[in-house]
Amino acid sequence: MRTFIIRDSRQLRAITGVSDDQFETLKKAFEEVYEEIKQEEYEKAVERGERKRKRGGGRKGNLPTIEDKLLFVLFYLKVYPTFDVLALNFGMSRSKACENLHNLLPILAKTLLNLGFLPERKFDTVDEMKKAFKDIDKIIIDVTERLHQRPKDNEKQSEMYSGKKKTHTVKNTIISSVDKVILFLGRTFPGHTHDYKMLKKEFPPDEPWFENICTLVDLGYQGIKKDYEGNEIYIPHKKPRKSKKNPEPELTNEQKETNRELSKIRIFVENAIGGIKRFNILVHEFRNRKKDFDDDVIALCSGLWNMMILA
């Protein structure tokens, strides 16, 4: 049982990242998924002869209600406490807090998937992408970078060290709409990987991914207009390098104006990235060691952000 009482809407948003209405929407769908999964597990256990008692019997856990279970996982994503602090707030042992979290997070993921809020993670064909983006006429591509605990392995240290951030990080490609909805979330790469290299791995240039859709990127994607097909790929003008012939390089007024107009649109992907970073698990140095957990949590936070925008 949790050791605190939520007094008002402001406090709920502060510890979960969602409003009252959004919490209720999520709770109803979360309960349906939870009951479905637990019933399936119960039936399989009966078939194996491992279960004689009916569901609901036995000692009650420290998260007795659906509300407690949902609050537990949202609290972790929003606040990102250590398992000791999480256990203290919900009246359980540290090991039980870890166990409950990893049991409940997949239920939240399936809930967001059922509600249609999780972003796409992979496209095998251009047709798949067109189908997913069928009502979208303009996309914005950018990368978000997160702090990560320094690995002990020397090779991993080198892979995760970001020269830009001067520390160890992980990165994801994000594609958003002008409505700030995250349409696509790429897989998690180590911080040493260049932004454009990540894009080419997930969207190989030999396919016409951006041929029929207006696509905006930043200067980290130099070469995109040459490598990809598409008449509506827009990248800002880069300031020329200083040289003997051009000791004071400057963009023309027309180029500066074009850059300003592009910035007015590209800001929406920055807003989306800022939105998912309302959840402190994406802000503080990531310290969990479970494989692929750093990838799982950014997908969940992206789904929760999309819910805030769309619900």
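Mentor: Sorted by class, the residues lining the second largest pocket of this predicted model comprise 7 nonpolar, 4 polar and 11 charged. The volume of this second largest pocket is about 650 Å³, and its lining counts 22 residues, of which His 148, Pro 151, Lys 156, Met 160 and Asp 294 lie closest to the centre. Two or more lining residues come from each of helix 7 (154-160), strand 5 (189-190) and helix 11 (293-310).

Turning to the largest pocket, its volume is about 1100 Å³, and among the 30 residues that line it, those closest to the centre are Tyr 34, Lys 38, Arg 59, Gly 61 and Lys 69. The elements contributing two or more residues to this lining are helix 2 (20-47), helix 3 (66-79) and helix 5 (94-115), with helix 5 giving the most, at 8 residues. By class, the lining of the largest pocket divides into 10 nonpolar, 9 polar and 11 charged residues.

As a separate point, Leu 88 sits in helix 4, which covers residues 83-89, and Leu 88 counts as exposed because its relative accessibility is 64%, where the cut-off for exposed is over 50%. Between Leu 88 and Ile 276 there are 26 Å in space, taken from C-alpha to C-alpha, while in sequence Leu 88 and Ile 276 stand 188 residues apart.

Methods. Residues are numbered from 1 along each chain as its sequence is written. This is a predicted model: local features need pLDDT of at least 70, side-chain atom pairs count only at pLDDT 80 or more; totals for chains, interfaces and linings use all residues. Side-chain values use heavy atoms; hydrogens and water are left out. Helices (H or I, at least four residues) and strands (E, at least two) are DSSP runs, numbered from the N terminus. Buried means under 20% relative accessible area, exposed over 50%, partly exposed in between (1.4 Å probe, protein chains only). On a 1 Å grid over the protein atoms alone, a cavity is a set of points where a 1.4 Å probe fits but cannot get out, and a pocket is an open set with protein on both sides within 12 Å along at least five of seven lines; lining residues have an atom within 4 Å of a point. Grid points are joined across faces, edges and corners, and a volume is the space filled by probe spheres set on the points. Ala, Val, Leu, Ile, Met, Phe, Trp, Tyr, Cys and Pro count as nonpolar, Asp, Glu, Lys and Arg as charged, and the others, Gly among them, as polar.
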